[in-house]
Amino acid sequence: MQEIKLRELLDSLTWTEKVGQLVQLSGDFFHSEELAVGPKKKLGITQETIDVVGSVLNVTGAETIRVIQERYLQNSRHKIPLLFMADIIYGYRTIFPIPLGLGATWNPKLIEEAYGVIARESRSAGAHVTYAPMVDLVRDARWGRCLESTGEDPQLNADFAAAMVRGLQQESGREFEGIASCVKHFAAYGAAEAGREYNTVDMSERRLRQDYLSGYKSAVDAGAKLVMTSFNTYDGMPATGNEFLLKEILREEWGFDGVIISDYAAVQELIAHGVAKDEREATALAMKATNDIDMKTGCYANELESLVTDGAIDPELVDAAVWRVLKLKNDLGLFEDPYRGSTVEQEQQTLLTKENRSLARKVAQESIVLLQNKGELLPLEANKNKILLVGPYGDEQDLIGLWAVHGKSTDVVSIKEALEKELAKETFSYEKGCGLLADYQFLGEFGATKEQIHSLGMTDNEREAALNKALEAGKDADIIIYAMGEHTMQSGEAGSRTDISLPLIQKEFIEKMTELGKKNILIAISGRPLTFTKEVEQMDAILQAWFPGTEGGNALVDILFGKVNPSGRLSMGFPENVGQLPMYYNEFKTGRPLNSSTHRGRFVTKYLDSPNEPLFPFGFGLSYGRVDYEELTVSSKKMTDHLTVSIKLKNRSDYECLETVQLYIQDVTGSVVRPIKELKKYEKINLLPHEEKTVVFALQREDLYYYMKNMQFGTEAGTFNVFVGRNANDTQQAVFELL
Ligand code: BGC
């Protein structure tokens, strides 16, 4: 529709109709009268509002969406189509690894391709907008939503954020082939105190800008059409009513003129936060902060119109918000085709194709991180040894993680299925051996019935019998593969934990099994970094597999048997113990560093009972080969605008290696304290057996920018260290002067 027509449309709307565009309701309001009774009553939403509502939350499927849209448009005075938004976070039907695994690929280009698949599948299923990417920087593995983030680094997160937006939207010029991307959760949600879900966030503006905003900014710069607010406070004000975050930074500084949507019920939660006394005040706060859409509460629906007509809210604020929503609908082409070409046939042809599966397999391969490989036990040779697979994730298709809400675990290739394809019957056996958890009571909170909870658990006798069977089978095996990990519900939203080790019954099981003295391999399935302090002693090899998605089993077997050489690198360090959290490699310098301090012994920055270092640092990951890093050179000792940093790599092995070369800098003296290391560049380099290659990084002056004492983004003359290596803790160093 031409913009002039769109303006006329806006002008022709009543206040009720305008407000309707700013209200988002869930699918149950549209399916049937019966279902609608509960929520309608609870939110105080009237049929009049439903008739003019602007968008729908988490309904997908070509058929369902067509029915709802058709019915809605029949009753609509202006025929403004509904906008369908959904949580399609790392896959619609073909499920890729969780984003923390995507982060471990260090390969934004590949992930852009993956999000292209996600966009095509989602569009075919009728979705117009996805609430992705989630780009919250995270430094605390207690927080369950680590799962949804690409990790702890501002640079890496920014690169992934842009790649995901581009992949999702598939834009060229004014047209976009994909679906609209809603970046979330603005802002700094990942810094919830003590890793406890929905908790306070409080940090300096400098830290906010320097570290936490990079992902959102990058997504906005890449053209994300929407931004979602976060549940947390920043500087005492919940994000949804925070004018500094939404108005000053997002709208004014960054020039974002797309749609801002609150997170689920976050407008109403301004009351629980204690910054609004009722829904009317909550509505006014959110509206004044330029939050356009109220997700799933009755606040805007019931209060906004009277706020305008009473003169308490500037009507132009509301008009601007409605305009942004209408513009988004228009950009999506909904006025021309409210279904965007989605049909049942097309959906069937698009979902879970062979090509989509094959990309999911490739991404999973690159996401898996080899954490340990004593005596080069891996890769295995098929049918050479007797292999026993044990553990709750061995014969399990639920490898897609909590946020793959539209995925189906029945599509998933399990580890057992993939191993059976690879190995002869005589050399492979499976025993579950132990359950995932001893107690499933907590599932009650997620709607599991008493019977379901009961059926999941094992009695003491059953547990013992399972262990004995596994022990018996283990005697006959040469190698035992343990498929262990967290329950799906133990990570993701509201999945905060204070103990982030493997569940106790699994640890007890490993203890008993490893007494057999066989070769042991752990495959870890988790939505966060776990503490593997014990397991590094017990296991010969450890593969961190995250929730690897639809093709998880195949990808793992490709790696176990060396068809693919592991190349994943951690995008979030794995702590030694939970007491070290929050933990991140790019921490500030202190006055009393552990090493090279003028103070000795006790009075330096350290714990009495734990190392400072993570068990596995940021950027860490092994491969089957050995690549040496030699001769780090800087093109000049002095830098004005740019210089190059190069390093020679030598593959000393018979394996083809995909090496992730990482470049960090350190600003030795700044007008405010600077981090000990900051990732600036990285490159994945493929090296054939015994191949040598020189990697050259171009460093520009802008790469050294930071928020200086005066809060200007720039850089100051002085000494810089540059580090290149295989992870944050294993680098070579050179130095240059910035003039
Ligand atoms: C989550 C968001 C999600 C929204 C809609 C909220 O609880 O925080 O990430 O997009 O629900 O489902």
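1. Around the ligand there are 13 residues, of which D87, R145, H185, D263 and E493 come nearest, a residue being counted as near if one of its heavy atoms lies within 4 Å of the molecule. This is a predicted model, in which local features need pLDDT of at least 70 and side-chain atom pairs count only at pLDDT 80 or more, while totals for chains, interfaces and linings use all residues. Residues are numbered from 1 along each chain as its sequence is written, and side-chain values use heavy atoms, with hydrogens and water left out.

2. A polar side-chain atom of D87 lies 2.4 Å from an oxygen atom of the ligand, and for K184 the corresponding distance to a ligand oxygen atom is 2.8 Å. E493 likewise places a polar side-chain atom 2.8 Å from an oxygen atom of the ligand. Of the 310 Å² of accessible area that the ligand has on its own, the protein covers 93% (Shrake-Rupley method, 1.4 Å probe).

3. A cavity here is a set of points, on a 1 Å grid over the protein atoms alone, where a 1.4 Å probe fits but cannot get out, and lining residues have an atom within 4 Å of a point; the volume is the space filled by probe spheres set on the points, which are joined across faces, edges and corners.

4. The lining of this largest cavity includes R206, Q210, D211, Y706 and Y707, and its largest share, 3 residues, comes from α10.

Note on methods: A polar contact is a pair of N or O atoms within 3.5 Å; within protein, one must be able to donate a hydrogen and the other to accept it, and residues adjacent in sequence count only if both atoms are side-chain atoms. On a 1 Å grid over the protein atoms alone, a cavity is a set of points where a 1.4 Å probe fits but cannot get out, and a pocket is an open set with protein on both sides within 12 Å along at least five of seven lines; lining residues have an atom within 4 Å of a point. Helices (H or I, at least four residues) and strands (E, at least two) are DSSP runs, numbered from the N terminus.
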